[in-house]
Amino acid sequence: MKGRKLLMIPGPIEFEPDVLQAMGMATTSHIAPDFIEVLGKSLELMREVWKSPKGQPFIVAGTGTLAMDMAASNLIEQGDNVLVISSGYFGKRFKDISDRYGANTTILEAPVGEVVSIEAIEKELKTRPYKALTITHVDTSTGILVDPKPIAQLANKYNTLSILDGVCSVAGEEINQDEWGLDVVLTASQKAIGVPPGLALLMASPKAMQVWQNRKTPVSNYYADWNNWLPIMKAYEERRPSYFGTPAVNLIVALETSLKIICKEGMDQRVKRHQSLAKAFRAGIASLNLSILPKTNKIAANTLTAVYYPKGIDGGALRIKIANNNVIIAGGLLSEIKTEYFRIGHMGSVSANDLIAVLGALERALLELGYNMVSGISLQAFQNELRK
Ligand code: PMP
């Protein structure tokens, strides 16, 4: 399709045709036997993607922010100490949510382009008993990747629940929820899970469920309360009809289709694909003498890349030219430097060809704006890195 635009923002992403087709099927009753099977199976497949055979999955209509809200409202009580480890915009959002439920929230913020050190986290955990800590696995505003494994280990050492915002990582970055001892891993449908926006997805560990069960006060968020949703999730997994709020039937049919595609590829293979494409893309960007936000490649996300505009190039004009080339990318999000950088999503069903299209459109736009570069250089760097 000549005028077809390629959506390369960090969510929503390009979706598999099979997923979109599944979504377009005639809507059934939410208690029809075939839908009960679809929702039941989706809950089972989530455990495979999250690598959490012991976890309790939740599928609820809403966005990633609802998944964050669900974790906070069910696990936090008035006066609890909560530690937010932030590497961008979405870390700050977790502080706002945690404050809303009456927590004493402490935020450790990394300078732009960096991550909070393990030493700083341990030092803070020693100061008082923390009920929970939150980690943004990939902060979509900065393209920073945090390694959740050592933080989850620390959380366990200090008897603190660990909550991972995996909105921009689940089904794209490596996650081993049970093995790493993460208590909550949450996401939304529109990113690497590969389903149009509208589903909040969350996996809670047995310890998280225990802490929730032992609450002294009722959950103050009615819609997000696990008291309402746990019986529903259990019923569907046992292939029984049940009702609290009408499930997003078509989205869940699409979710099952996407989870099957993900599991067929296999999580290990999928993570490797994201890593090798991201690495090759960064090589392409570097060959153009452009800098990425993360200070090192080790902390650069594999699901998106955040790139500074080159000096002397008008960011708005660059993005318009890229859009005129039928590739949609995102601008900056972090308020301090919003106008200084742009972001490219590369997660889910992303292929090498998609990223070649992005680099091609970016090169044409840069050349038109008079940027000093050799045409085709980033494509060469990308291909060379990919073939390694
Ligand atoms: N956390 C992260 C890391 C995100 O990238 C986003 C969405 N960009 C959210 C939370 C919030 O998700 P939603 O927009 O679906 O509410």
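Which residues touch the most other members of the largest nonpolar core? They are F58 and L186, in a core of 99 residues. A nonpolar core here is a set of buried Ala, Val, Leu, Ile, Met, Phe, Trp, Tyr and Cys residues joined through side-chain atoms within 4.5 Å. Buried means under 20% relative accessible area, exposed means over 50%, and partly exposed is in between, with a 1.4 Å probe and protein chains only. Helix α2, residues 33-50, gives this core its largest share, nine residues.

Before going on, the ground rules. This is a predicted model, where local features need pLDDT of at least 70 and side-chain atom pairs count only at pLDDT 80 or more, while totals for chains, interfaces and linings use all residues. Residues are numbered from 1 along each chain as its sequence is written, and side-chain values use heavy atoms, with hydrogens and water left out.

Back to F58. Not counting residues up to four places away in sequence, F58 touches a list of residues including L43, M46, M70, W226, W229 and M233; contact means heavy atoms within 4.5 Å. There is also a second, separate core of 30 residues, and I292, I322, I344 and L366 are among them.

Now the chain as a whole. It has 14 helices and 14 strands, which are DSSP runs numbered from the N terminus: H or I over at least four residues for helices, E over at least two for strands. The radius of gyration is 21 Å, which agrees with the value near 21 Å for a compact globule of 388 residues. That radius is taken over C-alpha atoms, and the globule rule is 2.2 Å times the number of residues to the power 0.38. Along the principal axes, the C-alpha atoms fill a box of roughly 65 × 55 × 35 Å.

How much of the chain is buried? Buried residues make up 59% of the 388. Of the contacts between residues at least 6 apart in sequence, 71% join residues at least 24 apart.

Next, some backbone details. Most residues other than glycine have a negative phi, and most peptide bonds are trans. Where is the cis peptide bond that I want to show? It joins G11 and P12, with omega about -5°, and P12 sits in the loop between β1 (6-7) and α1 (17-23).

Two asparagines have a positive phi. For N159 the angle is about 55°, and this residue is in the loop between α6 (148-157) and β8 (161-165). For N289 phi is near 65°, and the loop in question runs between α11 (267-287) and β11 (304-308). N159 is exposed, at 60% relative accessible area, and N289 is also exposed, at 65%.

Is L182 buried or exposed? L182 is buried, with a relative accessible area of 2%, in the loop between α7 (177-180) and β9 (184-188). Its contacts beyond four places in sequence include I135, P148, A152 and L164. K272, in helix α11, is exposed at 53%.
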